[in-house]
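Here is a short note for a colleague opening this entry for the first time. Please look at the sequence and the structure, then read the points in order.

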Amino acid sequence: MEKMDKYSSLKDRAFSVLKENIKEGYNKALRKKYFYISPDRFHFHQWFWDSCFHSIVMANFNPDYAKREIETLLSVQQEDGFIPHIIFWEWRLRDKLQRWWKKEVNEKISRCFTSEVQPPVIGLTLLLIYEKTRDLEFVKSNINKVENFYNYLALKRDPDGDGLISIVTPMESGMDLSPQYNIPFKNLNHDPDLTKKRITELLIRYKEWDWNLEKIFNASIFDVEDVAYNTIYCLGLEALSGLYSHFDKGKSTRIGERAIFIKNKIVEKFWDEEQKIYFSIFHQSGKEHKMRVKTISSLFPLTLDIPHKHLNHLINHLKEEKEFWSPYPVPSVSMDEPSFGPLTNTRYLWRGTTWVNTNWFIARGLQKHGYDNIYKELKAKTLELVSKYGFCEYYDPLRGEPGKAMRNFGWSTLAIELIND
Ligand code: GLC
């Protein structure tokens with residue numbers, strides 16, 4: 001009884017955090033109404049994958065809000081299927097001074113959004129909204145747009161034609177300063193400031209090229225096939241295949257086959273036989289190079305039907321106390337990496353802190369493959385973090401405390417998704 005009460009108040013708090021961050025209005029330049037939940041008070045705008053996570057949780061409380069947030073995201077989709085990573089529905093004075101963001105915008109298309117993408121969580125989101133609402137009409141009226149986004153990725157973001165998607169900036173991965181990206185930037189001492197400098201230089205070049213993808217891929221300064229990004233892409237295709245099975249069997253089969261093809265490519269190209277883990281790849285001078293830094297991205301394929309032998313190795317890495325099984329797992333960088341840290345005493349993101357959204361993916365993988373005991377431990381630790389410190393942007397993987405992380409942070413409400421099982 002006591003447990004149930006504790007969790008019901010946690011759910012109430014999650015709903016409040018999401019509600020507090022609602023933004024609603026009309027954008028004159030885009031001539032569109034909008035409704036979304038910002039990540040927190042300071043991140044005022046609409047971020048692609050944050051919105052997907054918010055909708056997944058919101059579908060438990062107010063399905064109408066969840067649907068409106070997704071429809072707002074889809075409303076800015078471009079003809080070629082592109083959906084941006086940040087939408088600035090309202091530019092405040094302080095955003096106009098944000099030099100980094102301005103470089104991510106291509107004014108020739110619109111000053112209201114960036115030219116980048118983020119991890120394609122939207123397929124899975126559509127499936128989860130359906131599972132929670134059983135609203136097939138909502139699915140039918142949005143699935144083509146979602147599918148077009150996946151088609152955009154396949155057509156425009158796969159310069160080597162192997163089926164795997166390339167990202168062109170670290171921000172596209174959603175894990176901005178993840179130390180795996182230090183490798184293409186030749187920052188082998190893992191200095192986060194140097195990577196930030198390299199990112200700024202990269203954005204200046206891209207801006208000069210009007211974010212023209214052909215020029216960007218030809219220059220190949222940052223052309224990364226990321227493990228987590230491609231795993232989420234594959235999960236999205238699987239979700240679309242599942243949804244189409246309700247009303248278009250042919251399409252369901254075709255997209256299902258595409259998902260299997262991508263999964264096989266992930267296994268074939270990212271598996272590292274030496275370290276028995278998955279590593280992302282970058283392209284430079286016409287060659288492919290593995291980025292051998294163990295990060296949370298390396299564990300993502302455990303959400304897919306990968307070979308059993310690989311699964312066992314990933315579980316070993318996850319459960320190893322020198323690597324990913326910290327007192328508050330799962331750290332975004334393996335603890336035995338020289339690039340682990342700094343943690344919550346800085347705003348260098350994804351250098352080893354624990355994040356609830358990635359825990360949610362890992363937990364789903366553990367559950368899918370029947371690793372019930374580890375699943376229960378991860379669930380308990382994640383719920384302990386949010387119960388003790390509130391819904392924060394990230395947490396210290398060793399001590400739990402959130403330090404300089406944002407408070408009342410939307411996607412950490414995903415923790416309540418773990419309560420019901
Ligand atoms: C940071 C994160 C990114 C997130 C954004 C808004 O840039 O790295 O994943 O989408 O903040 O929360």
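Predicted model: local features only at pLDDT ≥ 70, side-chain atom pairs only at ≥ 80, totals over all residues.

1. Domains. How is the protein divided by the domain assignment? The assignment gives domain 1 (1-117), domain 2 (157-302) and domain 3 (320-421). The centres of domain 1 and domain 2, taken over C-alpha atoms, are 23 Å apart. Their contact uses 10 residues from domain 1 and 10 residues from domain 2. On the domain 1 side, the touching residues comprise 3 nonpolar, 3 polar and 4 charged.

2. Ligand. Which residues surround the ligand? They are Pro39, His43, Trp47, Trp49, Asp50, Gly174, Met175, Asp176 and Leu349. Sorted by class, this shell holds 5 nonpolar, 2 polar and 2 charged residues. Domain 1 (1-117) and domain 2 (157-302) both contribute to the shell, so the ligand lies between them.

3. Helices H2 and H3. Two packed helices are described by the angle between their axes and the distance between the axes. Helix H2 covers residues 48-61, and helix H3 covers residues 63-75. Their axes are 7 Å apart, and the packing angle is about 160 degrees. H2 and H3 are therefore roughly antiparallel. The crossing is left-handed. From H2, the contact takes Phe48, Ser51, His54, Ser55, Met58 and Ala59. H3 supplies Pro63, Tyr65, Ala66, Glu69, Ile70 and Leu73. By class, the contact of H2 with H3 has 8 nonpolar, 3 polar and 1 charged residues.

4. Helices H7 and H10. Helix H7 spans 136-156, and helix H10 spans residues 227-244. The axes of H7 and H10 come within 11 Å and cross at roughly 145 degrees. H7 passes H10 with left-handed crossing geometry. The H7 side of the contact consists of Val139, Ile143, Val146, Glu147, Tyr150 and Leu153. The H10 side consists of Tyr233, Gly236, Leu237, Leu240 and Leu243. The contact of H7 with H10 divides into 9 nonpolar, 1 polar and 1 charged.

5. Helices H13 and H14. Helix H13 runs over residues 356-368, and helix H14 over residues 372-389. Here the axes come within 9 Å and cross at roughly 160 degrees. H13 and H14 are therefore roughly antiparallel to each other. Is the crossing of H13 and H14 left-handed or right-handed? It is left-handed. H13 brings Val356, Asn359, Ile362, Ala363, Leu366 and Gln367 to the contact. H14 brings Ile374, Tyr375, Leu378, Lys379, Thr382 and Val386. The residues of the contact of H13 with H14 comprise 8 nonpolar, 3 polar and 1 charged.

6. Cis peptide bonds. Where do they sit? The bond from Pro329 to Val330 is cis, with omega near 5 degrees. Val330 lies in the loop between helix H12 (308-319) and H13. Gly341 and Pro342 are also joined by a cis peptide bond, with omega about 0 degrees. Pro342 is in the loop between H12 and H13. Please inspect both spots in the viewer.

7. Positive phi. Lys186 has phi near 50 degrees, a positive value in a residue other than glycine. Where does Lys186 lie? Lys186 is in the loop between helix H7 (136-156) and helix H8 (192-208).

Definitions and conventions
Residues numbered from 1 in each chain as written. Near = placed C-beta within 6 Å. Nonpolar A, V, L, I, M, F, W, Y, C, P; charged D, E, K, R; others polar. Domains from an automatic or database assignment. Axes fitted to C-alpha atoms, helices over the stretch in contact; angles between N-to-C directions. Helix = DSSP H or I, 4+ residues; strand = E, 2+ residues; numbered from the N terminus. Parallel < 35°, antiparallel > 145°, perpendicular 65-115°, else oblique. Left-handed = near helix turned anticlockwise from the far one by under 90°. Contact = placed C-beta atoms within 7 Å.
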